[in-house]
Amino acid sequence: MSLLGALTTGSSGVTAFGRAMTVVGSNIANVNTFGYKAAHVSFEDVLSSDFPQGTGPTKVSQGVGIASINQNFTQGAFEQTELQSDMAINGEGFFTVQDQFGRRYYTRAGQFTYDKNGQLSTDRGLNVLTKDVDPVTKEAVGLPKPLKVLGTIDPPVPTGDGRMDSGIKVAANLDAGAAVLDTPFDPTNVKSNMYNYSTTTTVYDRSGADHTATIVYRKRPDIPEQVDPNSGQVIPAIRNQWEWYTLFEGEEVGQRPGQMVAVGGGFLQFTDDGRLVQSTGGQFIAQPGGVDPNTGQPLPSGPPILQPAPVNPDTGKPQITVDFGSDAPQVIGISLGMGSNPDDPNDERTGLEGLTQFASPNSIIGVDADGHPSGTLEGIVVESSGVVMGRFDSGYMRPMGKIVLTKFDNPQKLLKQGDNLFQTSPHSGKAILGEPGVGAFGEIRSQTLEQSNVDLAREFVKMVETQRAFQANAKTVTTADEMIQEMVNLKR
C-alpha cells in the first residue's frame, strides 16, 4: 500500500510542477505585454496519512498541490508613446472599465482607444469610466460613466458678467502726465481725439460670434480745494480721476455703421502715487435740448453724459449692457483692478494688479476676455490628476472628464480574466474608488504605458527549478513503478 502511496505522491508532484511550468511560461510569454503582472505559484503538502509502525510521529505527506497563484503588483517600467489616449498609473490603483452589461473590470494596461460611439475604451471595447469635472475647480462630480471623446462639439460660451472672475480684464498704466482734452466726449460717435488711451480685446456673444470691444480712457480735470459757502467747510481737492468707456462699432450694436459707439463706462480714482483706489460703473443720462433765447426756437439735445452708478454687489465689478441683436441684451463684467484703501492699514489690496497711474507712457500689460466660439475636438491632453482636457479647433481647452481609479486591500487575490483584465473575488477586499493623485492613488502619466513587470532572468531560474522538480517527481513515479514490478515478480 505504501508503494502505491509513493506512486500517488510522485504523480501529484508531476501534476503540480507541470502546472507551475504553465505559470512560468505565461510570465515569459507576456514579458512584452503592457500592464501585465507576473504570477508565482505557492505550493502546499496534501493528504497526510499514518504509518502503522513506529512509536514517534507517523504522519507523512502524500504529495504536493498548488495552494494559490498570486500576482506581483510591483510597478512596471514606463515606455513613452505618441498616442494621446495612452496612459499609465504611477503608483497604486487600477483603471476602471465597464462592459456593455455594466460589469466592471480593472486593469493596469492603459493602451486605450475609441469605440464605435467615440467613447474612450480598451482594445476589446470596454469603456473607461470617468466622472464629470467642474470646469473651474476641476473637481470630479457625479457618478462614474463612459467618456465620449470623438465627435465632441464644444458649445459657444459668451463673455461673462463678472461672476467667477469672468468678463473683460485689463492691466495697464495710464500716464499720470496725460493732458486733459478739450474735445467733448460724444458716446454716440466717438473719435480718437476724445480719449487719451485705448485697449482692445475680443468678446463673444451667446451664439459664439466674436466682437471687438475697445475700452478707452479719458483724463478728467483736477478740481482744486474749495470752501463750502454755506458751511464754511473746506472741500478737499479732487485729483487723479479718469473716465473709461467701452466702445463697439455701430453696426455690431444696432447703431449707425462706421461709427464707434460707447455702450457703457465708469470712473477711476487713483492715489497720488499711482495706485488704483476704485473703479466704478456709470450710466448715460440724456441732455434735453433748450430754447434759443434770441429766436425762441428749440435747441437740439446734446450727447448723453456719463453719471456714476453703483457697482453690482453680486460681482463687485462694473458692468456694461450690450445689445448684439439677440433676444436679450448681454451683460459683460469689466475688471480694471481690485482697488485699495490707502487710509486703512489693514487693507491688504495693493491697487497695482489692474490699472495704475504712474508718470510713464501709457502702456498695456495685459487685456483679455473669457468666452469662446463653438469648436470641434482636435485631440485630448491627460493631466497627472486624471483630468482629460479636450483641445478644440476654436483654440480653447476645457475639461471633459476625470479618470476614475480603483484600489483594493488585497489586490493579489484579484481574478485574472484575460485581455489584461482583473475582476474582484471574495478575498480581494472591497473596491475603493478614488481620483488620481489623491490619497493613496497614483498619478496618471500621459502618452505613457506601463511595461510588464516580469523579471526574465528570474523566470528562467524558476523554469530550471520547476523543470528539475518535475524530473525528480517523474523519477519518483518510475522508481515506484519498478518497485511494484519487483513485488509482482516475487511470486514467480
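Begin by selecting threonine 122, which, leaving aside residues up to four places away in sequence, touches Val97, Phe112 and Thr113, where contact means heavy atoms within 4.5 Å. This is a predicted model, in which local features need pLDDT of at least 70 and side-chain atom pairs count only at pLDDT 80 or more, while totals for chains, interfaces and linings use all residues. Residues are numbered from 1 along each chain as its sequence is written, and side-chain values use heavy atoms, with hydrogens and water left out.

Threonine 122 sits in the loop between strand E10 (120–121) and strand E11 (127–133); helices (H or I, at least four residues) and strands (E, at least two) are DSSP runs numbered from the N terminus. With a relative accessibility of 12%, threonine 122 counts as buried, a label that means under 20% relative accessible area, with exposed meaning over 50% and partly exposed in between (1.4 Å probe, protein chains only).

**The whole chain**

A cartoon view will show two helices and 35 strands. Buried residues make up 40% of the 492 residues, and of the contacts with a separation of 6 or more, 62% are between residues 24 or more positions apart.

**Two positive phi values**

Next, select aspartate 165, in the loop between strand E13 (153–154) and strand E14 (168–173), where phi is near 65°, a positive value in a residue other than glycine. Asparagine 240, in the loop between strand E18 (234–235) and strand E19 (241–249), also has a positive phi, near 60°.

**The aromatic rings**

Finally, show the rings of Phe, Tyr and Trp (its six-membered ring), which pair if their centres lie within 6.5 Å; planes under 30 degrees apart count as stacked, over 60 as edge-to-face and the rest as tilted. By this rule there are eleven aromatic pairs. One of them joins phenylalanine 73 and phenylalanine 422, whose ring centres are 5.4 Å apart and whose planes stand at 55°, so the pair is tilted. Because phenylalanine 73 lies in the loop between strand E4 (64–71) and strand E5 (78–80) and phenylalanine 422 in strand E32 (residues 421–423), the pair ties together parts that are 349 residues apart in sequence. Phenylalanine 422 is buried, with a relative accessible area of 4%.

Move on to tyrosine 106 and phenylalanine 408, whose ring centres are 5.0 Å apart with planes at 80°, so this pair is edge-to-face. The pair links distant parts of the chain, 302 residues apart, with tyrosine 106 in strand E8 (residues 104–107) and phenylalanine 408 in the loop between strand E30 (405–407) and strand E31 (415–418). Tyrosine 106 is buried at a relative accessible area of 6%, and phenylalanine 408 is buried at 6%. To end the tour, select Phe73, Phe94, Tyr106, Phe408 and Phe422 together, which ring pairs link into a cluster.
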